[in-house]
Amino acid sequence: MPNAEKIAKVAALKERIQDSEALLLTEYRGLSVHDATELRRALSEQARFAIVKNTLMVRAAADAGVAELQVLLDGPTAVAFVQGDVVATAKKVVDAAKKFPALVIKGGYLDGKVLSAAEAQSLATLESREVMLSKVAGMLKAEMTRAASMLQAIQGRFLGVLEAYKEKLPGEVTDEPAEAEPAAEAESAAGAETAGDTTTDDEPGQPQAEPEGEPHSEPEGEPEGEKE
């Protein structure tokens with residue numbers, strides 16, 4: 001019957017498995033304590049590298065719902081519990097395997113699938129998250145630049161239409177006053193001629209002479225036929 005210490009270790013391993021983005025399993029037979037410590041430090045930003053007991057790891061994997069990991073738990077095992085960039089971690093593990101021949105990649109676990117040794121190593125050949133994000137950012141920047149250029153072109157065309165309309169509009173408005181001015185001048189000239197006809201050559205203040213041939217007479221009496 002398992003004791004409390006083993007139960008606690010299994011629970012801790014189960015929690016690590018569930019909190020990890022991926023798992024990279026290695027065999028560390030012949031790896032020195034110094035080399036293991038150096039590798040642990042190299043992976044500290046992306047993963048937690050720990051030596052595990054296969055029996056406890058099998059139980060923890062079964063409790064976490066990934067019992068298929070048992071096929072990789074043979075021989076001395078050290079696991080990189082990846083919590084950051086999986087590709088960057090795989091690159092560092094592969095580089096460490098080249099530097100420390102005693103470190104052998106046995107396989108991994110990613111997205112609900114157990115990876116073979118070759119599949120786990122192939123992760124190191126992929127582009128890292130930083131590179132992918134950089135490319136995506138570059139694509140977005142290019143799209144934004146193109147969209148801005150299109151917007152500027154549309155705005156320029158719109159302003160050109162407004163300018164053309166603005167140049168045309170004042171001519172239509174000023175044509176009416178130009179046509180109205182001759183009419184106003186004609187009316188002014190007609191008024192001046194009328195005023196000139198009513199004036200005489202007599203000096204101001206002198207009474208006007210009565211026209212000849214029209215003798216002044218008293219009013220005639222009432223016409224006949226109207227008397228009562």
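This text walks through a predicted model, from its sheet to its cores and then to single residues. Local features need pLDDT of at least 70 and side-chain atom pairs count only at pLDDT 80 or more, while totals for chains, interfaces and linings use all residues. Residues are numbered from 1 along each chain as its sequence is written, and side-chain values use heavy atoms, with hydrogens and water left out.

Start with the sheet. Five strands form an open sheet in the order E2-E3-E1-E4-E5, with antiparallel pairing. Strands (E, at least two residues) and helices (H or I, at least four) are DSSP runs, numbered from the N terminus. Two strands pair if DSSP finds at least two bridges between them. E2 and strand E5 (113-115) each have a single partner strand, so they stand at the edges with one side left without a neighbour in the sheet. On average, neighbouring strands are turned by 20° against each other, direction ignored; the axes are lines fitted to C-alpha atoms. E2 and E3 run antiparallel and are joined by six bridges. Val52 has Thr77 in E3 as its bridge partner.

Now the interior. In soluble globular proteins, nonpolar side chains tend to be buried together. A nonpolar core here is a set of buried Ala, Val, Leu, Ile, Met, Phe, Trp, Tyr and Cys residues joined through side-chain atoms within 4.5 Å. Buried means under 20% relative accessible area, exposed over 50%, and partly exposed in between (1.4 Å probe, protein chains only). The largest core has 23 residues, and Leu24, Phe49 and Leu103 touch the most other members. Strand E1 (22-27), helix H2 (33-42), strand E2 (47-52), strand E3 (77-82) and helix H4 (86-99) each give two or more residues to this core. H4 gives the most, with five. A second, separate core of 18 residues includes Leu25, Ala50, Val52 and Met57.

Ala61 lies in helix H3 (residues 54-63). Ala61 is buried, with a relative accessible area of 1%. Beyond its neighbours within four places in sequence, Ala61 is in contact with Ile17, Val66, Ala67 and Leu69. Gln18 is 43 residues from Ala61 in sequence, yet their C-alpha atoms are 9.2 Å apart in space.

Last, a ring. The charged end of Arg16 sits over the ring of Phe81, 5.7 Å from its centre. The rule asks for NZ of Lys or CZ of Arg within 6 Å of the ring centre and within 35 degrees of the ring normal.

Notes:
Contact means heavy atoms within 4.5 Å. Axes are lines fitted to C-alpha atoms, for helices over the stretch in contact, and angles run from 0 to 180 degrees between N-to-C directions.
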